[in-house]
Amino acid sequence: MIPDLTRKLDRVFNPKVIAVVGDKKANGYSWLKSLIHFTGKLYSVQIDENEIPGIVELGVTNVKSLMDIPEPVDFVVCAVPRKVLPRVLEDCIRKEVGGVTAFTSGFAETDEEGKRLQQQIAERATAAGLPLIGPNCMGIFRPKLGIRHGVDQYYGETGPVGVVAQSGGQATFITTGARANGLRASKSVSFGNAAVLEAADFLEYLGQDEETKAIAMYIEGVRDGRRFFRTLRQVAPRKPVIIWRGGQTEDGARAARSHTGSLASSMAIWDAVARQCGAIRADTLDDVLDYLKAMVFIKPSTGDRVGLISMSGGQAVVTADAFARAGLRVPALTERSYTELAGFFNVIGGSYRNPLDVSWNFDSTDLAQRLLTILQNDENIDAVSMELGVGAMQRRWRRDPAFAEGLLDYLVRYKEESPKPFFITLFPGKWEAEALEIREKLQERGLATYPSFQRSANAYRRLVDYHRAHAREA
Amino acid sequence: MSQTSVLDAARSEKRTLLTEVESKALLREAGVPVVDTRLARTREEAAALAKQTGYPVALKIVSPDIAHKSDVGGVKLNLRTEKQVAKAFDDIMKAVQSRQPNARVQGVAVQTMARPGVEVIVGLSKDAQFGPVVMFGLGGIFVEVLKDVSFRIVPLLRRDAREMVREIKGFPVLQGVRGQEAVDIAALEDILLKVSELAERHPEVRELDLNPVIAYKDGAVAVDARVVLEGETPS
């Protein structure tokens, strides 16, 4: 354990000065390029004369040693070979840097010598109280300050999502995938072999971080399961924690051992951990992103009775199936609602039990508005979900853009004003580009959409489970 | 025997397997209801204890070297007379002597046959990452074939116990099917909580099996118990 870790991680995640040690041409100067938009001062440390011109060309100041940097260094990225790493760490300790990411691989995930070296650097960093992230990892992503671990990541924005991932690849996929779904990251970290800092440390940190409203984790194994369990039990009631566990199968577990040197507990045990703590278990990247969207965009609820609006009879059947399969209820509406519906719902081929099948007869936003208002006021319904047909929508767009925009405006307003959870299924079919356009318009204004009924239903199920878990008595 | 004396005795003899009599003493003191089980060293003692507890009784071999008693012919059930008890004692001794001649035999445990009810199992094991884990399931094929069990990490809260009982697919069996009465689910939850407390208090317990626990409409009782200790006391 590193003493005073919260304050130290605050410094690491909010640096004024960053140094990259050992970036080189063979690596495409990837670290320096990823950090080129950093809002503070960036240094490179490189002794190889052949590498220096390329670094200078990027506009980055190069020095021969960490000790030559004329100001305090808050965060260091180490991309040196494994036998050099201990020496660089000694410089970091002498320089009293805020924290270090060790990108270097070849430790516990490879051989006995690697295990021994990892043990050695872990002991040294721990003794010095140095927050060491890794080795064998990509470190931190702090888009607000332009700190990235890959050039595909974004910068200059921030949001509510915190990410804790053992794998740098998964940290990248989760953060960029979430961004594509309208969710920006506050802080993200990949921590590889977890020689010093591990999942529980970052979970605890993001748990108390005010910028972070929901946490997504990708974990292959935890070192101190007891501590992870205790930490998760404390953090999950405060903010949703989604756990995607890598190495669920025997084949996956074998891959995890050679990836991050992690030992796997059985899935049944991880299930128990998630249930006990009221965390949300995910099995795929899609799950992670779907559940994140639900937890951030959809209003909290413990109610499992869903009112559904579909665009055709067949869709009405399968949407009801999807929600029921997720263990949600699709109940009949109140008599009052049916009386009201009978007054205007004269769609040929349409029907209005639940789901309400409108057979795409939205002549004006008026019909949508009336249906959604009835569901909002219906006492048998806790949440409202609606299908938006992309084909019909894009045809209307061409014919009558004002109508299409007006409908989307209304849906966003309804989401904001209705006390009930509201989310949309937007099945792209052959209109991928059009669906994306509609999705982006909605998600930028905080309205969640899903590409299938089942994914809508599964995500809402997790939301209900999460809020129920934290409403239960001890 | 108190908890500490049971554990001390095992430790001083460098044993990791507790006998059934010791296991039950440990559990009883932890607040887990167990079927009263007493040690008989001779056939005469066995007969006397059987009379005291009341027929029908079960006899089981007591040895720190035998974990699976029925595999070595060490269990006789439903004994209704003094004569049957005496014969069962001799049969058990003979069977164990021939199948596991090197086992240290302390005697035979005499216990009254529990009346029939719904059989469940409660277990405790250690996960390499998460430490002690409590398991619950219905007995027999439910656990062996269908793997219909639930787990929780120690320490359990009351709600964890409540949820793990309800989580198994066979839960309706406990609620009563085919005209059977519902069993005392709160009593099962209590056992799970007591096992969790025991695991917290005694980290040297590596494994614990209550198989079966018989659940009734009023209460539940562990009929058999097996406790395994860590080789070296964990810090």
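## A tour from loop to core

Select Pro355(A): this residue is found in the loop between strand E14 (351-352) and strand E15 (356-357) of chain A. The model on screen is predicted. Asn354(A) and Pro355(A) are joined by a cis peptide bond, with omega about 5 degrees.

Go next to Pro135(A). This proline sits in the loop between strand E6 (132-133) and E7 of chain A. Its bond from Gly134(A) is cis too, with omega near 5 degrees. Most peptide bonds are trans.

**Domains**

Colour chain A by its domain assignment: domain 1 covers 1-135, domain 2 covers 137-297 and domain 3 covers 299-469. Over C-alpha atoms, the centres of domain 1 and domain 3 of chain A are 50 Å apart.

**The six-stranded sheet**

Now show strands E7 to E12 of chain A. They form an open sheet of six strands in the order E7-E9-E8-E10-E11-E12, with mixed pairing. Strand E7 (139-141) and strand E12 (280-282) stand at the edges; each has a single partner strand, so one side of each lacks a neighbour in the sheet. From one strand to the next, the twist averages 15 degrees.

Zoom in on E9(A), residues 185-190. Is E9(A) enclosed or open? Six of its six residues are buried, so the strand is largely enclosed by the rest of the structure.

Check its pairing with E8(A), residues 161-165. The two strands are parallel and share five bridges. Pick Val161(A), which stands opposite Ala185(A). Then pick Val163(A), opposite Ser188(A).

Turn to E7(A). E7(A) and E9(A) run antiparallel, joined by three bridges. Here Ile140(A) has Val189(A) as its bridge partner.

Follow the chain out of E9(A) to Ala194(A), in the loop between E9 and helix H7 (199-208) of chain A. Most residues other than glycine have a negative phi.

Compare Glu96(A), in the loop between helix H4 (85-95) and strand E5 (100-102) of chain A. Glu96(A) also has a positive phi, of about 55 degrees, and is not a glycine.

Which of these residues is buried, and which is exposed? Ala194(A) is buried, with 30 other C-beta atoms within 10 Å. Glu96(A) is exposed, with 11 other C-beta atoms within 10 Å.

**Where chain A touches chain B**

Show both chains. The contact takes 16 residues from chain A and 14 residues from chain B. On the side of chain A, helix H8 (225-235) and helix H10 (267-277) are the elements that give two or more residues. H10(A) gives the most, with six residues. By class, this side has eight nonpolar, four polar and four charged residues.

Stay on H10(A). Eight of its 11 residues are buried, so the helix is largely enclosed by the rest of the structure. Among the buried residues are Ile269(A), Trp270(A), Arg275(A) and Gln276(A). Step just past the helix to Gly278(A), which has a positive phi of about 70 degrees.

**The core**

Finish with the largest nonpolar core, of 224 residues. Those with the most contacts inside it include Met217(A), Ile242(A), Leu59(B) and Leu192(B). Helix H18 (453-469) of chain A gives the most to this core, with eight residues.

Centre on Met217(A). Its contacts beyond four places in sequence include Val164(A), Ala165(A), Leu203(A), Ile242(A) and Trp244(A).

Terms used:
Residues numbered from 1 in each chain as written. Chains lettered and ligands numbered in written order. Predicted model: local features only at pLDDT ≥ 70, side-chain atom pairs only at ≥ 80, totals over all residues. Core = buried A, V, L, I, M, F, W, Y, C linked by C-beta atoms within 7 Å. Buried ≥ 20, exposed ≤ 12 C-beta atoms within 10 Å, placed from the backbone. Helix = DSSP H or I, 4+ residues; strand = E, 2+ residues; numbered from the N terminus. Contact = placed C-beta atoms within 7 Å. Nonpolar A, V, L, I, M, F, W, Y, C, P; charged D, E, K, R; others polar. Domains from an automatic or database assignment. Pairing = 2+ DSSP bridges. Axes fitted to C-alpha atoms, helices over the stretch in contact; angles between N-to-C directions.
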